[in-house]
Amino acid sequence: MLIRIDPASPLPLGDQIAAAVRGAIADHSVHPGERLPAARTLANSLGVNVHTVLRGYQRLREEGLIELRRGRGAVVSTDGAPPGRARLMEGIRGLVAEARGLGLSDDEVLDLVRTGLSGT
């Protein structure tokens with residue numbers, strides 16, 4: 001799995017790492033039970049602090065996409081969120097980024113989502 005980051009991006013590096021892994025799960029280039037690169041190894045290859053990688057991995061764990069196992073590292077969840085959820089999270093993050101770019105408040109975004117959910 002190839003993870004790339006853009007230091008010039010306004011998106012925090014940990015979030016970029018999480019997005020790259022989320023995308024790999026969504027497009028099935030990594031599979032349930034597959035180990036992700038060790039945080040230290042990935043940090044060295046990307047030229048970032050190991051805590052930056054761990055922040056990205058922690059976000060993915062909170063989303064149910066990976067498990068962090070002592071001695072095994074980060075593993076794509078076998079019983080957590082399905083790949084469809086990873087695609088949905090990518091879309092949500094895109095929506096939030098676009099809304100922020102338009103200057104919308106969190107409440108305005110939530111109102112738009114509620115309107116979409118109600119079908120009106």
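Q: What does His-28 count as at 43% relative accessibility?
A: Buried means under 20% relative accessible area and exposed means over 50%, using a 1.4 Å probe and protein chains only, with partly exposed in between. His-28 comes out at 43%, so it counts as partly exposed.

Q: What pLDDT does the chain average?
A: This is a predicted model, where local features need pLDDT of at least 70, side-chain atom pairs count only at 80 or more, and totals for chains, interfaces and linings use all residues. Residues are numbered from 1 along each chain as its sequence is written, and side-chain values use heavy atoms, leaving out hydrogens and water. pLDDT is the predictor's confidence in each residue, from 0 to 100. Here 96% of the residues score at least 70, and the chain average is 89.

Q: Where does His-28 sit, and what is its phi near?
A: Helices are DSSP runs of H or I with at least four residues, strands are E runs of at least two, and both are numbered from the N terminus. His-28 lies in the loop between helix H1 (13–26) and H2. Most residues other than glycine have a negative phi. His-28 has a positive one, near 65 degrees.

Q: Which residue in S2 is the bridge partner of Ile-66?
A: Two strands pair if DSSP finds at least two bridges between them. S1 (residues 66–69) and S2 (residues 73–76) have 4, running antiparallel. They make a hairpin with 3 residues between them. Across in S2, Ile-66 bridges to Val-76.
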